[in-house]
Amino acid sequence: MHVSLKARPLFLITALLLLRLAAAAMPQSHIFSRLTAEDGLRSNYVHAVMQDKSGFMWVGSQGGLQRYDGRQFEYFPFPQFPGVARQGVQHIIETNGNTLWIAYNTCVVTYDYVREKAALVPVQYQSHEKSFQATQLFTDSRGLIWLCTSTHGTFLYDRVAKAFVPFSRFFGDTAFRIFNVAEDPLTHDYWLGTSIGLCLLDYRNKHCYTPAWNPHRIPLLAEPAMQRTITRLYGDSRGGLFINTWGRLEELPSFFHYNPKTRRLGAPQRMGAMAQLLEDRKGMVWSAGDKLLLFSSDGNLQQEFQRDQFARYGLDYTDMFCLEEDNMQNIWIGTSNGLFIFNHTRQQFQTTAFKPAGVAGPSPLLEAADIWQHPNGDVWVASWGQGLLVYDSTLTLLKKHLLHPTDYQRNMLWCLQPLPDGRVLAGAQHANLLTIDPRTWAVEYRVLSGLDNRTIRCMTLDAGGNVWIGTQRGLIAKWDYRRDNIRVFRDSLYRKELFLWNHVQDIHAGSDGHIWAGTANYGLLKLDTAGNIVQRFATDEKRHTLPGDNVRQLQPAGNNLLLVGAGGIAVIDMQHNIVINTLTEEQGLPGNVITNLVPISAQQVFFTSNFSAGKVNLQARKVVHFGRKYGVADESFQLPASMRLRDGRIVFGATKNILSFQPDSLREPQRPPDVRIHYFKTGGDVKSPYQPMQAGGARITLDHTSNTFTIGYTSLAYLEQDNLTYYYRLEGIDAGWVNAGQRQYVNYSNLAPGDYVFHVYCENGEGLATRSITSMAVSIAKPLWRKGWFYAAIVLLIAGAVFLVHSLRVNRIMATEQVRRRIARDLHDDMGSTLTSINIMSSMARRNADRNDLSKTLEFLVKIGESTTQMMESMDDIVWSINPLNDNTQRVIARMREFTTGVLEARQIGFSFLVDEKIFTRKLRLESRHDFFMIYKEAITNIAKYAQCTFTDIRVQLRKGQLVLRVQDNGVGFNISEAGEGDGLQNMQRRAYRMNGQLSIQSQLGKGTVVVLMFPTT
């Protein structure tokens, strides 16, 4: 519908004509990564850092020596050298043969990191002090190793003495101390920084020229400025000298540069103290000390890097001690506040910090929502909360800051739209619309009727001069600003306040007159000029599918292509209504919320997600992440605010700052270092990472039980890890290359015996792979049971086992047969004699009965009864002994207790029966069980018949694997010597002997009797 708006009065708010700030150029900001004790450093005071030939970083601090692999630190305490572990490291160098030279506080240690062998190198200084302050440790072109100190002079390594000896041993005594040495790359003589100034050592003639003795009139030695204490001296590859002097009466040191081409010494400069200097691969010289400085190849100061103790990724230190450049041109800085890393050549992103005039303390959030460049080059930034910011074209000068003094809603800007007449529209909160005239900076404020007080999120201008508006809560409006007519389009559920479209977050007018509107949860809508939906693109549209329905940005890319940020990146052919390309997290995007898209070229697109920035190649489907290495800190990019400026720069807004860069300035991509096998682990066994793990050189041999292992790998590109994708393959297991993403390890489980070869390489976001594929052979030995000789041994073992089983079976049968024969013999003897006695007594009883001698007859009948009872008991004992159910000890003890009760209670003899429960776990053989019970039975029977006692103590115990039976009574006792011929006692001894036991009988007249039986059990 058409709505006529009443024009608001145009008023000039001179109070809002914003401040013009001083046109001072803002220094280029840099992003530093930082490692501290929280990351594994043993101390934040880092005095030495060095990269070895393998690519690993060695760090020396007050906590000792550590190695860093990009993930963790490993400590090397050298316990074989007492006291070294408690010393700090001052310098580290590497010489031939993979040998590190580490200068501690009192000595030097060499360490071969391949063979893992260390040696102590003494320093022969003539002083009572046990420590020294090393200023330099280096090896020259002749292979000499120099150690310079500020306290004890300079030393050279003597290969014969295997020690550092004083400088005077080689070149004679000097009356001064040498603090630094710099070798001349042309003459290979040595410049000396000493306590008396600059000197020159003529190596061939062994002469040392000084300011006082200068027979060849060397100009540099005659310079008065060079006749003061040289605290730091450094020579570059071109013969230039960087000299730090500090006179006795001077408050601050002075810096000089000597140019070998002009043979002139530069004017003194105040650069602060210099702790270490370094020449990088491009010939630039870095200095770390009081300041971090970068000099050009001719010695001119190129840049000073500001200390920033408040920025999260700033350079924060009290002192700087050392410098190192790694194989990826990253600069490592050892400081009193940890280890800082940054890449100066790749940090091409400029950060424009938002700092409003008159604001003390932390700056407020910027919340950049839209960016536009005025024809005069100024860059306009719409801020959600800070109004409108107008910067110059360099983004170093804030020229205007339009901020309403009372109505904060009019400062919550979302979008900018220039009009053909030169004015600029700014959409704000609650349907507020600002019309700005850049010529006079007059601002008209109004609330656009018909939008239901909805926030204006986005605007675009169609070919007919109409402004199309997208709002919060899903309104699309077509506004003829010249006639002030507006027509509003709503979704079908808007009246029910269900808001099918939710927010309209971006809008674009196509060249063919169609309008493209991105919604928050209903996908992308293509509308005609009448507001009718021609086509919808969304996740549920089969032929027009988007990666997501939350459309955050629309960006034309030429050739009728439209870039869409929705759950990833989609490319739409607007003429044919088709999606021709999509990229998501599977292709390496950092997330599914894409907030900015800016074309760089036909195939490359700059993007931001809500928490990162990067570049994607649409054709190669490769992603490069712009992290701290490139100068992008952990910013938040929540809103679509970006633009390609006319000079080619891309500028984009963040929550806190504005960032810009020139895509053409980004250096050519660099191949990542070859992947190294970092560790090979089977259980707790970890192989050294310094084994030659290259194809044909490394082989790991494992036994069959170690067929589950983990391989760790890494490319030592320390600031590039976010851009690396690893690929691996194990020949014989993996059919092809496996994409591991950023994972730096792989597990293999339960591999069969055999030979395998593991391959690994990586690619960066530009699609460049490592120059070579790292390989490692793994051999898993066959188990013993799969070898030929093992089968022969198994056959012999089975045959032996069969023979053994047969022998045991035969022996068991024979033993059983022997028991049976013995039982049968005992049964025959006992029953035979008893039946014979019964037969005789029966005959005598019949004879006496015939004679009517009743008393004699009764006597024989009683004896016959007793014999019959005795025979029945013997039969019962034998049957009980051979019953398999009585194999356990509990049954034996129960029968003993039953027998004791029946015998002793009948004669009114009290008794105690104590049993050690441990014996219940023991077993008795059949013959042992029978003999044990018969011995016990005989002992109890003798007590009942002869002891005349009132109490009996019975104990059954287990001692050292033997069963011990102890029976003691308080009876009359007997004389053992007189009773030795008794059958009962002899039977007891015989049975104990058969059990491999010992029987002891002790008795005295009037003191009772003690019977003790001990025999082994199983």
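**Salt bridges, sheets and cores in a predicted model**

In this predicted model, Arg955 and Asp953 form a salt bridge, with the closest N and O atoms 3.0 Å apart. Arg955 is partly exposed, with a relative accessible area of 33%. Asp953 is buried, at 12%. Salt bridges can also share partners. Asp236, Arg238 and Glu279 are joined in this way into one network. A search of the whole structure finds 23 salt bridges.

Another salt bridge joins the side chains of Arg115 and Asp112, at 2.9 Å from N to O. Arg115 is exposed, with a relative accessible area of 57%. Asp112 has a relative accessibility of 9% and counts as buried. The cut-offs explain these labels: Asp112 is called buried because its 9% is under 20%, and Arg115 is called exposed because its 57% is over 50%.

A further salt bridge is formed by Arg446 and Asp484, where the closest N and O atoms are 3.1 Å apart. Arg446 counts as buried, at 7% relative accessibility. Asp484 also counts as buried, at 10%.

The next feature is a sheet. Four strands form an open sheet, and their order is β30-β57-β56-β55. The pairing is antiparallel. Strands β30 (350-353) and β55 (642-644) stand at the edges. Each has a single partner strand, so one side of each is left without a neighbour in the sheet. Neighbouring strands are turned by 15 degrees against each other on average, direction ignored. Within this sheet, strand β56 (residues 650-653) is joined to strand β57 (residues 657-661) by four bridges. These two strands run antiparallel. Val651 has Ser660 in β57 as its bridge partner.

Attention now turns to the interior. In soluble globular proteins, nonpolar side chains tend to be buried together. The largest nonpolar core of this model has 36 residues. Those with the most contacts inside this core are Met896, Phe932, Tyr936, Ile940, Leu965 and Leu1013. At least two residues each come from α5 (889-904), α6 (926-947), β68 (951-959), β69 (962-969), α8 (983-994), β70 (998-1003) and β71 (1009-1016). Helix α6 supplies the largest share, ten residues. Leaving aside neighbours within four places in sequence, Ile940 is in contact with Phe899, Thr900, Val903, Leu904, Ile954 and Val967. Another core lies apart from the largest one and has 25 residues. Among them are Tyr713, Leu724, Ala740 and Val760.

Strand β66 (residues 774-780) is mostly covered, with seven of its seven residues buried. Both faces of β66 are covered. On one side, Thr774, Met776, Val778 and Ile780 are buried. On the other, Ser775, Ala777 and Ser779 are buried. Strand β66 also pairs with other strands. Four bridges join β66 to strand β60 (residues 699-702), and these two run parallel. Here Thr701 has Ser779 as its bridge partner in β66. Strand β65 (residues 754-763) pairs with β66 in the antiparallel sense, over seven bridges. His759 has Ser775 as its bridge partner in β66.

Leu751 lies in the loop between β64 (745-748) and β65. Leaving aside neighbours within four places in sequence, Leu751 is in contact with Asn707, Phe709, Leu730, Ile733, Tyr756 and Ile780. One of these, Ile780, is a buried residue of β66. Leu751 and Ser706 are 45 residues apart in sequence. In space, their C-alpha atoms are 8.9 Å apart.

Methods
Residues are numbered from 1 along each chain as its sequence is written. This is a predicted model: local features need pLDDT of at least 70, side-chain atom pairs count only at pLDDT 80 or more; totals for chains, interfaces and linings use all residues. Side-chain values use heavy atoms; hydrogens and water are left out. A salt bridge is a side-chain nitrogen of Lys or Arg within 4 Å of a carboxyl oxygen of Asp or Glu. Buried means under 20% relative accessible area, exposed over 50%, partly exposed in between (1.4 Å probe, protein chains only). Two strands pair if DSSP finds at least two bridges between them. Axes are lines fitted to C-alpha atoms, for helices over the stretch in contact, and angles run from 0 to 180 degrees between N-to-C directions. A nonpolar core is a set of buried Ala, Val, Leu, Ile, Met, Phe, Trp, Tyr and Cys residues joined through side-chain atoms within 4.5 Å. Contact means heavy atoms within 4.5 Å.
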